[in-house]
Amino acid sequence: MTELRNLITSFAAIGATDDGGVCRLAATAPDKQARDLFLREIGNRGLVPRIDGIGNMFGVAIIEPGSNDVVITGSHLDSQPTGGRYDGAYGVLAGLLAVEEVRGRCLANPGAARRNLAVANWTNEEGARFQPSLTGSSVFAGGLSLQDAYACTDGDGVTLGAALAAIGYCGVTPLEYRPVRYVELHVEQGDRLEQVSGDVAAVSGAWMTRKISVVFEGDYSHTGPMPMPLRRDALRAAARAIEALYVEVASENAGAHASAARISVYPNSPNVVAGQARVWFEIRHEDEAVVVAISDRFLERIEREAREIGVGISIAADEKRSASSLDRDGVELVRSVARDLGFKIETFKTITGHDALAIQKRVPASLIFVPSQGGLSHNPREFTTQDALDKGYAVLAETLWRMVTARE
């Protein structure tokens, strides 16, 4: 689809980086530019714009005025600092075009529509600037209060509420329709579809994730004269802990995924032994028992090893996202649509989080994947072929049509 390709290209220019990627953190100037463009696209297509308190954006197609129900599709426009052009934006822009297409089909078939349709851009899905991730969709679903979301702070102490106000996206027009279904189209961000030459995947659920932020407390001293045995090096304890995580995952030998992807050090001076370090760890597996076993063993180990070198630890955050299931009827519907279109369909769980997982707590949610070349994501070289993008779009549009016209 030329229009979809052109839209993706236009949005990729907002926050574009020199290496071909996208840096569009939530509630920054580039995020505002993307939101403003999306709002114009909503208006140009005759959709009704709505922006709620947390900045979630909706473009509503009123195709059955007698119904208060709405089917929603969408994803997110914010990115990681090293983002690509497809992650999130593909689902929003394909959703925009799919809503327009389904509305046209409904106009051509009077009486077919049973409910309305909307496209959404969810606030701060990535969690790159503000934690937790999935912020806007969690507020929408009732899993996070608006006040708690506003209070989230970035590394400079700026709150999400203040940042949204600064770019003019603390909205006052919440979606007034009753959501009944949600569908999200996304690039896989892994290589399972590519490995089996699959066209699309109907995602059945998600792995469990445990995210633990650990603070290591040592003491400051000069890097030169302080005798080595007397040093209480917080960064040394953090380094030991990072390696310990990989050792524990390997010893479990269960196929878990884990990382230590963020670290802050104080005072972060080349001439001062670090007195404090904070590391963000995560462990993922489809079996919750595996995650609990690895993470509990890991925490016991790093506390013991830190104590051995005179460093204390404390847990700054410990977030457990249970292994969850998405709507079974939605999985079967996506599978049926893909088969009817002649596409090779797979079904598996997602390893990472998506807005659909948050929204499932409020309404039945579905998630559709298309292949990611080499499984690469959160990387400027992220790539999905146009043929794959078009197949995903076709599945999304037909799924929405069936949801909007279903008689039950």
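Tutor: Buried means under 20% relative accessible area, exposed over 50%, and partly exposed in between (1.4 Å probe, protein chains only). This is a predicted model, where local features need pLDDT of at least 70, side-chain atom pairs count only at pLDDT 80 or more, and totals for chains, interfaces and linings use all residues. Residues are numbered from 1 along each chain as its sequence is written, and side-chain values use heavy atoms, with hydrogens and water left out.

Student: Is E188 buried or exposed?

Tutor: E188 is found in the loop between β5 (178–187) and α7 (192–195); helices (H or I, at least four residues) and strands (E, at least two) are DSSP runs, numbered from the N terminus. Its relative accessibility is 3%, so E188 counts as buried.

Student: Which backbone nitrogen does the side chain of E188 reach?

Tutor: Contact means heavy atoms within 4.5 Å. Leaving aside neighbours within four places in sequence, E188 touches F348, F369, V370 and S372, among others. At 3.1 Å, its side chain reaches the backbone nitrogen of L193.

Student: How many charged residues are in the lining of the second largest pocket?

Tutor: R115, P364 and E408 are among the residues lining that pocket, while β5 and α12 (386–405) each supply at least two. Asp, Glu, Lys and Arg count as charged; Ala, Val, Leu, Ile, Met, Phe, Trp, Tyr, Cys and Pro as nonpolar; the others, Gly among them, as polar. By class, the lining of the second largest pocket has five nonpolar residues, no polar ones, and charged residues numbering four.

Note on methods: A polar contact is a pair of N or O atoms within 3.5 Å; within protein, one must be able to donate a hydrogen and the other to accept it, and residues adjacent in sequence count only if both atoms are side-chain atoms. On a 1 Å grid over the protein atoms alone, a cavity is a set of points where a 1.4 Å probe fits but cannot get out, and a pocket is an open set with protein on both sides within 12 Å along at least five of seven lines; lining residues have an atom within 4 Å of a point.
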